[in-house]
Amino acid sequence: MRGFDYYTGLRLRAWAPGSARPLVVGGRYAGGAGFAVELDALEASLDADVAVVAGRAGGVMVAIHSREPQARALATARAEAERAAGRRAWVQAGLSLEAAQAAAAEADVLVYFGADGRAEIWSQGQPGAWRRAEESGA
């Protein structure tokens, strides 16, 4: 979703403590498969104080109802803003709210863009216990 639109099948991400971005991104594309190592994320992870990172929140999942390019761009921009603020963030497309909540088990926050393009912010105190935090226009 973040500049890897040429992938046509399975996609992968690998995370490490200390980095708000994935260290490895990749997947299947027409004619093969591959991955890239994000050197800035690797450097951030290597420089991180592991004791400080261990207490960090699980991150933010940005989910969108649609798979349309406009919706993807909106979700990607939100995830990039979260990463710029130092939080781990990722995007999932084509999910209902219920499916997004189930898929966001690792997240502390779920930002859900529904079919109407409005953002719903949900927080998870205990696993599976989602509470609506706020709503804003797109």
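Q: Which residues are linked in a network of salt bridges?
A: Arg78, Glu82 and Arg87. A salt bridge here is a side-chain nitrogen of Lys or Arg within 4 Å of a carboxyl oxygen of Asp or Glu.

Q: What kind of model is this, and what are the ground rules?
A: It is a predicted model: local features need pLDDT of at least 70, side-chain atom pairs count only at pLDDT 80 or more, and totals for chains, interfaces and linings use all residues. Residues are numbered from 1 along each chain as its sequence is written, and side-chain values use heavy atoms, with hydrogens and water left out.

Q: Is Glu82 buried or exposed?
A: Buried, because its relative accessibility is 8%. Buried means under 20% relative accessible area, exposed over 50%, partly exposed in between (1.4 Å probe, protein chains only). Arg78 is partly exposed at 26%. Arg87 is partly exposed too, at 39%.

Q: How many salt bridges does the structure hold?
A: 3. One of them joins Arg132 and Glu120, at 3.9 Å from N to O. That pair links distant parts of the chain: Arg132 is in strand E8 (residues 130-136), Glu120 in strand E7 (residues 119-124), and they are 12 residues apart. Arg132 is partly exposed, with a relative accessible area of 37%.

Q: New topic. Which residues gather in a patch of negative charge on the surface?
A: Glu38, Asp40, Glu43 and Asp47. Patch members have over 30% relative accessible area and no salt bridge, with like charges joined within 9 Å. Asp and Glu count as negative. Each charge is placed at CG of Asp or CD of Glu.

Q: Where is Glu43?
A: In helix H1 (residues 39-47). Glu43 counts as partly exposed because its relative accessibility is 48%.

Q: How many helices and strands does the chain have?
A: 4 helices and 8 strands. Along the sequence the pattern reads β-β-β-α-α-β-α-β-α-β-β-β.

Q: And what share of the chain do buried residues make up?
A: 38% of the 138 residues.

Key. Patches are made of residues with over 30% relative accessible area and no salt bridge: like charges are joined within 9 Å, nonpolar side chains (Val, Leu, Ile, Met, Phe, Trp, Tyr) within 5 Å. Accessible areas come from the Shrake-Rupley method with a 1.4 Å probe; for residues, only the protein chains shown count as cover. Helices (H or I, at least four residues) and strands (E, at least two) are DSSP runs, numbered from the N terminus.
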